[in-house]
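Hi,

Here is the structure I promised to pass on. Have a look at it first, then read my notes below.

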Amino acid sequence: PKFYFALTVTSSFISGLIFVFEWWHFRKYGTSFIEQVSVSHLRPLIGGAENSPPAPAAFSAGENETSRQNMPECKVWRNPLNLFRGAEYSRYMWVTGKEPLTYYDMNLSAQDHQTFFTCDTDALRPSDTVMQKAWRERNPQARIKAAYQALELNNDCATAYVLLAEEEATTIVDAEKYFKQALKAGEIIYRKSQNCHSQSPQHEAQLRRDTNVLVYVKRRLAMCARKLGRIREAVKMMRDLMKEFPLLSMLNIHENLLEALLELQAYADVQAVLAKYDDISLPKSAAICYTAALLKARAVSERFSPETASKRGLSTAEINAVEAIHRAVEFNPHVPKYLLEMKSLVLPPEHILKRGDSEAVAYAFFHLQHWKRIEGALNLLHCTWEGTFHEVSVYPQKELPFFIHFTAGLCSFSAMLALLTHQFPELMVVFAKAVSTLWLPNPWSVQGQVGGGLEQPGIVEGVPAQDKVLKLDDL
């Protein structure tokens with residue numbers, strides 16, 4: 001009993017420490033440490049690295065449509081329409097006193113920034129070395145201060161202007177000014193990288209980084225134009241960007257283009273974009289599915305009446321609209337409650353989970369006005385969406401990783417064993433022996449274990465051990 005008690009107390013203490021560490025790591029970083037280690041270090045050892053999907057956070061000029069097709073839908077993606085930190089998120093915080101972004105969301109953005117805007121050759125340029133440290137800073141004021149230090153070293157540091165546009169600018173107009181400076185500096189650096197990218201792998205990495213910076217800046221400039229009401233200019237910038245960098249379709253620039261075209265009410269152009277990206281081989285999104293449903297609903301919603309439809313039946317166009325709505329709801333069932341204003345909208349996060357509530361918030365925040373503009377579209381949605389609706393999770397609640405449940409159960413079970421062993425030692429010894437007999441074979445049940453003149457219980461000619469004793473003379 002003392003040994004059992006010491007063993008269970010020790011295992012309970014160790015599993016408790018693991019549980020506390022797992023819980024702390026999950027609260028701070030949003031992931032399970034054990035799961036992260038097993039995926040990062042153990043899976044390559046057993047040959048699973050080849051089949052693991054690429055992380056959606058890192059995009060570069062080398063990405064192609066094949067990798068896009070292999071990307072699973074239920075992953076955390078960067079929100080294509082994410083707001084500006086200083087000009088929009090910070091203004092909300094100043095007015096309400098509430099943080100609009102979670103720590104987990106901002107941590108993902110910090111990882112994105114380090115992936116997009118840094119590379120191995122930063123040590124060759126002092127300004128990039130300063131910015132490499134700036135993207136790792138958690139304090140916004142420290143990042144802004146580092147950006148100004150980088151500009152003192154190099155007035156053409158594009159990433160420094162990007163940081164100031166995102167976080168220091170308090171209006172969209174100020175952000176656009178910074179991004180224009182970033183575009184001018186980024187184009188110069190990009191041309192230099194193009195001329196020497198084939199010299200070494202380091203130069204290739206530098207070209208990928210400079211490409212990411214250029215694409216990011218042009219996209220944000222287009223978004224600034226959209227927010228400032230210059231919608232046709234924004235559409236042209238987005239189309240030019242998609243033509244110039246067609247391999248970067250994983251950045252989902254087409255979703256920005258769809259929203260701008262809907263604002264122009266250019267529905268034929270919207271249909272043309274959907275025809276290219278609403279393909280079975282490409283990952284879907286709420287923007288794709290619900291925009292397709294909106295265009296189908298637009299053809300019938302103005303004259304649609306549930307009473308009339310129940311009497312005469314649905315026409316072909318109405319059936320197509322209903323099926324499109326069902327398809328959209330099946331992809332993301334969270335969206336209708338936001339479009340029908342049954343749930344309150346909040347500011348969209350910087351990252352979304354495909355088919356999750358966060359994606360629904362991000363979609364409805366920008367597209368609710370487009371549904372309201374088409375007469376009867378929301379009425380048709382209200383009449384048809386419940387046919388496919390089911391119970392779903394609640395945002396922003398996150399499920400605990402398996403290893404936290406496992407360590408908590410292990411800790412509780414071993415602690416209970418230690419307590420029972422201490423209170424009822426004799427009973428626990430009997431219990432331990434009973435359990436061991438289930439797992440270990442009985443050494444006395446082997447026929448013919450005889451020797452040394454000792455009398456041993458056994459089985460002879462089917463006679464039970466309690467009825468016959470096996471002796472040497474009997475042989």
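**A buried aspartate, and what else turned up**

You'll find Asp 128 in helix α6. Which residues does Asp 128 touch, leaving out those up to four places away in sequence? The answer is Asp 122, Cys 157, Thr 159 and Arg 209.

Before going further, keep in mind that this is a predicted model. The mean pLDDT of the chain is 79, with 77% of the residues at 70 or more. Among the elements, helix α18 (residues 357-373) has the highest mean pLDDT, 94, while helix α3 (residues 65-69) has the lowest, 44. Throughout residues 48-72 the pLDDT is below 50, and the model gives this stretch 44 contacts beyond near neighbours in sequence. Residues 444-472 also stay under 50, and there the model has 23 contacts beyond four places in sequence. Please read those two stretches with care.

**The chain as a whole**

If you count the elements, you get 21 helices and four strands. The chain has 475 residues, and 44% of them are buried. Its accessible surface comes to about 26200 Å², and carbon and sulfur atoms account for 58% of that. Now look at the contacts with a separation of 6 or more: 67% of them join residues 24 or more positions apart.

**Helix α8**

How many of its 11 residues are buried? It's 10, so this helix is mostly covered. The buried ones are Ala 158, Thr 159, Ala 160, Tyr 161, Val 162, Leu 163, Leu 164, Ala 165, Glu 166 and Glu 167. Thr 159 is also one of the residues that Asp 128 touches. As for what covers the helix, the buried residues of α8 pack against α4, α5, α6 (126-134), α7, α9 (172-196) and α10 (201-227).

**The second largest pocket**

Helices α4 (85-96), α5 (103-117), α7 (140-153) and α8 (158-168) each supply at least two residues of the lining. Which of the elements gives the most to the lining? That is α5, with eight residues. By type, the lining of this pocket divides into 13 nonpolar, nine polar and eight charged residues.

**Two residues with positive phi**

Last, a pair of backbone details. Glu 341 has a positive phi of about 60°, although it is not a glycine. You'll find Glu 341 in the loop between α17 (335-339) and β2 (351-353). Is Glu 341 buried or exposed? Glu 341 counts as exposed, because its relative accessibility is 52% and the cut-off is over 50%.

The other one is Arg 355, which is not a glycine either and has a positive phi near 70°. Arg 355 sits in the loop between β2 and α18. With a relative accessible area of 33%, Arg 355 is partly exposed.

Notes. Residues are numbered from 1 along each chain as its sequence is written. This is a predicted model: local features need pLDDT of at least 70, side-chain atom pairs count only at pLDDT 80 or more; totals for chains, interfaces and linings use all residues. Side-chain values use heavy atoms; hydrogens and water are left out. pLDDT is the predictor's confidence in each residue, from 0 to 100. Contact means heavy atoms within 4.5 Å. Ala, Val, Leu, Ile, Met, Phe, Trp, Tyr, Cys and Pro count as nonpolar, Asp, Glu, Lys and Arg as charged, and the others, Gly among them, as polar. Buried means under 20% relative accessible area, exposed over 50%, partly exposed in between (1.4 Å probe, protein chains only). Accessible areas come from the Shrake-Rupley method with a 1.4 Å probe; for residues, only the protein chains shown count as cover.
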